[in-house]
Amino acid sequence: MGTSGTGAAARPRSVTLRRRGPVLERAILDAALEQLSTVGWGGLTMEGVAAGARTGKAAVYRRWPSKEDLVADALEAGLPLLGDAPDHGSVREDLCHLARRMRAAMYSKPGCALRAVLYECDPSTAERFHGLIVSGVVKPSVHLFRQVLNRGVARGEVRSDAMDDMVFDVIPAMMMYRSKVCGSEWKDKGIADMIDRVMVPLLCPRRG
């Protein structure tokens with residue numbers, strides 16, 4: 001009597017999907033960002049990343065020999081782009097728009113991951129990420145602020161002598177400080193207050 005359709009032969013065989021190359025690497029990088037944004041730098045482990053990516057630990061170590069190497073690549077691949085400089089015909093509106101865009105980037109998964117690195121790493125480890133942060137975060141944001149303020153100078157809304165490197169740091173510095181130290185989530189009103197009470201007086205032409 002045949003066994004076709006019965007017993008072991010009748011049971012469906014499980015199929016294992018083996019991911020390789022860029023697909024697997026993307027899954028590992030995404031898992032690293034997820035770990036950073038939830039458990040932070042101190043809680044991130046290569047084992048945890050492997051589990052999150054549903055792969056073996058060896059697959060992670062083959063590509064990234066250290067936690068620092070993995071996180072650097074995950075951040076570089078995942079850092080959100082701020083887009084083009086807004087142009088609404090008003091420096092105040094442009095700065096508000098740009099600050100809201102920065103808020104969205106800060107609270108995205110890659111943004112949370114980056115803040116975990118900035119806040120938790122010791123100075124020697126943080127140095128490993130300095131170039132990435134400058135090229136991926138600082139320079140792009142300064143470029144956008146410079147464009148917005150240059151248009152403001154051309155329209156007579158901004159003093160030309162107000163354009164220095166320190167001015168470009170004010171909004172990012174305030175947003176990072178109050179997010180970390182004060183737990184501020186930067187509602188729209190808070191952003192408007194920052195622009196009206198700090199940036200506009202700092203930039204506008206002097207009277208008299």
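## Helices α6 and α9

In this predicted model, helix α6 (residues 91-106) and helix α9 (residues 130-155) have axes that come within 10 Å and cross at roughly 170 degrees. Angles over 145 degrees count as roughly antiparallel, so α6 is roughly antiparallel to α9.

On the α6 side, the contact is formed by V91, D94, L95, L98, R101 and M102. Helix α9 contributes L144, F145, V148, L149, R151, G152 and R155. Sorted by class, this contact of α6 with α9 comprises 8 nonpolar, 1 polar and 4 charged residues.

## Helices α2 and α5

Helix α2 (residues 21-43) packs with helix α5 (residues 67-78) at an angle of about 105 degrees, and their axes are 9 Å apart. Angles of 65 to 115 degrees count as roughly perpendicular; α2 and α5 are therefore roughly perpendicular to each other.

From α2, the residues in contact are R26, I28, L29, A32, L33, L36, W41 and G42. Their counterparts in α5 are K67, E68, L70, V71, D73, A74, L75, A77 and G78. The contact of α2 with α5 has 11 nonpolar, 2 polar and 4 charged residues.

## Cysteines

A search of the whole structure finds 0 disulfides. For C112, which is in no disulfide, the nearest cysteine sulfur is that of C121, 15 Å away. C112 is partly exposed, and its relative accessible area is 22%.

C182 is likewise in no disulfide. The cysteine sulfur nearest to C182 belongs to C112 and is 17 Å away. With a relative accessible area of 47%, C182 is partly exposed.

Conventions: Residues numbered from 1 in each chain as written. Predicted model: local features only at pLDDT ≥ 70, side-chain atom pairs only at ≥ 80, totals over all residues. Heavy atoms only, no water. Disulfide = S-S within 2.5 Å. Buried < 20%, exposed > 50% of the residue type's maximum accessible area, 1.4 Å probe, protein only. Axes fitted to C-alpha atoms, helices over the stretch in contact; angles between N-to-C directions. Helix = DSSP H or I, 4+ residues; strand = E, 2+ residues; numbered from the N terminus. Parallel < 35°, antiparallel > 145°, perpendicular 65-115°, else oblique. Contact = heavy atoms within 4.5 Å. Nonpolar A, V, L, I, M, F, W, Y, C, P; charged D, E, K, R; others polar.
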